[in-house]
Amino acid sequence: MYVNATDLDDPATPNGQLFYQIVIQLPNVNNVMYFQINNKTGEISLTQQGSQELDPVKNPSYNLVVSVQDMGGQTENSFSDTASVDINVKENIWKAPEPVEIEENSTAAHPLKITQVDPGTPSASYRNILAL
């Protein structure tokens, strides 16, 4: 996900360069940050610890307060603003299919249906994978 700010100054000058940072993550369990932000693009992603420990049963939602500053955040005189970002954590329902073995140079009728993914939700889309 991204947060985005607009500065009307020339982006080639220091005045137009934006600096993003996460100010607060709530809840903040054991002072561990589960989310990080690219300070130039505003892209929010999981930290390595977040990708391993994020659990929708323990904490189904998070709130981030994100700050943006112009002048690359390098001076006290830079303009700044904040935004609130709500994140809902959902269970990963993807289950990897079992490995499939296909006989090389098979003379069986083709195309041969080898696997099908059950999306687990009516709104998900998927397709059959065929060996040709």
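This is a short walk through the predicted model of one protein chain, from its overall layout to a few local details.

Hi everyone, and thanks for coming. Some housekeeping to begin with. The model is predicted, so local features need pLDDT of at least 70 and side-chain atom pairs count only at pLDDT 80 or more, while totals for chains, interfaces and linings use all residues. Residues are numbered from 1 along each chain as its sequence is written, and side-chain values use heavy atoms, with hydrogens and water left out.

Let's start with the layout. The protein chain has one helix and seven strands; here helices (H or I, at least four residues) and strands (E, at least two) are DSSP runs, numbered from the N terminus. Reading from the N terminus, the order is β-β-β-α-β-β-β-β.

How much of the chain is buried? Of its 132 residues, 23% count as buried. By that I mean under 20% relative accessible area, with exposed being over 50% and partly exposed in between (1.4 Å probe, protein chains only). The chain exposes about 10,100 Å², and carbon and sulfur atoms supply 49% of that. Those areas come from the Shrake-Rupley method with a 1.4 Å probe; for residues, only the protein chains shown count as cover. As for contacts, meaning heavy atoms within 4.5 Å, residues 24 or more positions apart account for 44% of those in the chain with a separation of 6 or more.

Now, the inside. A nonpolar core is a set of buried Ala, Val, Leu, Ile, Met, Phe, Trp, Tyr and Cys residues joined through side-chain atoms within 4.5 Å. The largest one here has 15 residues, and the members touching the most others are Val3, Phe35, Ile37, Ile44, Leu64, Val66 and Val85. At least two core residues come from each of strand 1 (19-26), strand 2 (35-37), strand 4 (61-69) and strand 5 (80-88). Strand 4 gives the largest share, four residues.

Next, the rings. How many aromatic pairs does a search of the whole structure find? Two. For the cut-offs, rings of Phe, Tyr and Trp (its six-membered ring) pair if their centres lie within 6.5 Å; planes under 30 degrees apart count as stacked, over 60 as edge-to-face and the rest as tilted. Tyr34 and Tyr62 have ring centres 6.0 Å apart and planes at 75°, so this pair is edge-to-face. It joins distant parts of the chain, with Tyr34 in the loop between strand 1 and strand 2 and Tyr62 in strand 4, 28 residues apart. Tyr34 counts as buried at 8% relative accessibility, and Tyr62 counts as buried at 3%. Phe35 and Tyr62 make an edge-to-face pair as well, with centres 5.3 Å apart and planes at 65°. Here Phe35 sits in strand 2 and Tyr62 in strand 4, 27 residues apart. Phe35 is buried, at 6% relative accessibility. Together, ring pairs link Tyr34, Phe35 and Tyr62 into a cluster.

Leaving aside neighbours within four places in sequence, Asp86 contacts Tyr62 and Asn63. The C-alpha atoms of Asp86 and Asn63 are separated by 4.6 Å, although the two are 23 residues apart along the chain. Is Asp86 buried or exposed? Exposed, with a relative accessible area of 60%.

Let me finish with the backbone. The peptide bond from Leu26 to Pro27 is cis, with omega near -5°. Leu26 belongs to strand 1, whereas Pro27 is in the loop between strand 1 and strand 2. Leu26 is partly exposed, at 47% relative accessible area. Further along, the bond from His110 to Pro111 is cis too, with omega near 0°, and Pro111 lies in the loop between strand 5 and strand 6.

Which non-glycine residues have a positive phi? Asn30 has one of about 55°, and Met71 has one near 55°. Asn30 is in the loop between strand 1 and strand 2 and counts as exposed, at 71% relative accessibility. Met71 is in the loop between strand 4 and strand 5 and counts as partly exposed, at 28%.
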